[in-house]
Amino acid sequence: MPEHKHIPSAAGLFLRESFRSIRSTASVVPSSRYLTAALCEHIDFHRARLIAEFGPGTGAVTNGILARMHPDAVLYAIDMNPSFVEHLQRSCQDPRLIAVHGSAADLSRILAGAEVDPVVSSLGLTSMNHALRKSIYDQVRECLRPGGVLTQYQYLTSKAGCKLSRSEFDELRFLETYFAKVTTKWVFVNFPPACAFTCRKA
Ligand SMILES: C[S@@+](CC[C@H](N)C(=O)[O-])C[C@H]1O[C@@H](n2cnc3c(N)ncnc32)[C@H](O)[C@@H]1O
């Protein structure tokens with residue numbers, strides 16, 4: 001009898017990987033379409049031709065980007081977890097998507113030095129060590145075109161000052177050290193509720 005490999009659903013895979021490493025997966029369920037919409041709201045998709053996504057996971061945000069982006073644009077979706085990259089490659093046949101197994105900290109090498117705009121990040125910055133998040137954002141500073149946009153979110157439950165969080169990390173202040181302008185939008189129809197940051201390079 002041929003052996004059938006069990007292929008988990010997106011939700012099942014996400015949950016499995018979050019149990020395996022909650023620190024890097026940073027959530028137990030994928031983002032809602034409302035959070036995806038908030039991350040995409042201020043992006044000029046008419047103009048964008050080279051887009052980077054950090055931490056696509058099972059593709060909740062990726063699919064939202066693909067639905068909005070120009071037919072000639074290319075999306076580099078970079079994830080450290082090979083199971084997520086394999087899932088994306090298997091489940092999405094869109095030729096504009098390039099799913100890359102790697103770290104966001106290698107952005108410049110992955111793009112071979114090209115300028116990118118926008119960058120959409122789902123990375124759990126709160127649970128990341130400071131050296132890594134700094135090296136990722138140093139890369140963004142180097143690769144994002146002047147006037148370009150980065151979007152990023154943080155869960156309410158991760159925010160410094162929230163009773164459920166033990167973190168001292170102030171994400172807004174961190175982003176303001178890299179970008180000329182940062183705006184915020186709360187999305188309550190998401191688990192957990194999240195704050196979407198839109199950051200513009202000078
Ligand atoms: C909160 S999940 C977001 C998944 C998906 N974008 C969503 O919103 O449903 C964070 C993702 O970041 C990935 N990740 C964590 N550290 C990373 C790094 N240094 N470089 C690239 N991806 C990373 C994890 O594997 C995971 O897929």
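Reader: Does Tyr137 count as buried or exposed, and at what relative accessibility?

Author: In this predicted model, Tyr137 counts as buried because its relative accessibility is 0%, where the cut-off for buried is under 20%.

Reader: How is a pair of aromatic rings described?

Author: One gives the distance of the centres and the angle of the planes. A search of the whole structure finds eight aromatic pairs. In one of them, Tyr137 and Phe174 are edge-to-face, at 5.3 Å centre to centre with 75° between the planes.

Reader: Which parts does the pair of Tyr137 and Phe174 tie together?

Author: Tyr137 belongs to helix 7 (residues 130–143) and Phe174 to helix 8 (residues 171–176), so the pair joins parts that are 37 residues apart in sequence. Phe174 is buried, with a relative accessible area of 8%.

Reader: Why is the pair of Tyr137 and Phe179 edge-to-face?

Author: The planes stand at 90°, with the ring centres 6.4 Å apart, so the pair is edge-to-face; the angle required is over 60 degrees. Phe179 lies in the loop between helix 8 and strand 6 (181–187), so this pair ties together parts that are 42 residues apart in sequence. Phe179 is buried at 7% relative accessible area.

Reader: Which residues do ring pairs link into a cluster?

Author: The cluster consists of Tyr137, Phe169, Phe174, Tyr178 and Phe179. Arg133 lies over the face of Phe169, 3.7 Å from the ring centre.

Reader: Which polar atoms lie 2.7 Å and 3.3 Å from a nitrogen atom of the ligand?

Author: At 2.7 Å there is a backbone N or O atom of Gly55, and at 3.3 Å a polar side-chain atom of Ser103. Taken alone, the ligand exposes 600 Å², of which the protein buries 98%.

Technical notes: Residues are numbered from 1 along each chain as its sequence is written. This is a predicted model: local features need pLDDT of at least 70, side-chain atom pairs count only at pLDDT 80 or more; totals for chains, interfaces and linings use all residues. Side-chain values use heavy atoms; hydrogens and water are left out. A polar contact is a pair of N or O atoms within 3.5 Å; within protein, one must be able to donate a hydrogen and the other to accept it, and residues adjacent in sequence count only if both atoms are side-chain atoms. Accessible areas come from the Shrake-Rupley method with a 1.4 Å probe; for residues, only the protein chains shown count as cover. Rings of Phe, Tyr and Trp (its six-membered ring) pair if their centres lie within 6.5 Å; planes under 30 degrees apart count as stacked, over 60 as edge-to-face and the rest as tilted. Helices (H or I, at least four residues) and strands (E, at least two) are DSSP runs, numbered from the N terminus. Buried means under 20% relative accessible area, exposed over 50%, partly exposed in between (1.4 Å probe, protein chains only). A charge sits over a ring if NZ of Lys or CZ of Arg is within 6 Å of the ring centre and within 35 degrees of the ring normal.
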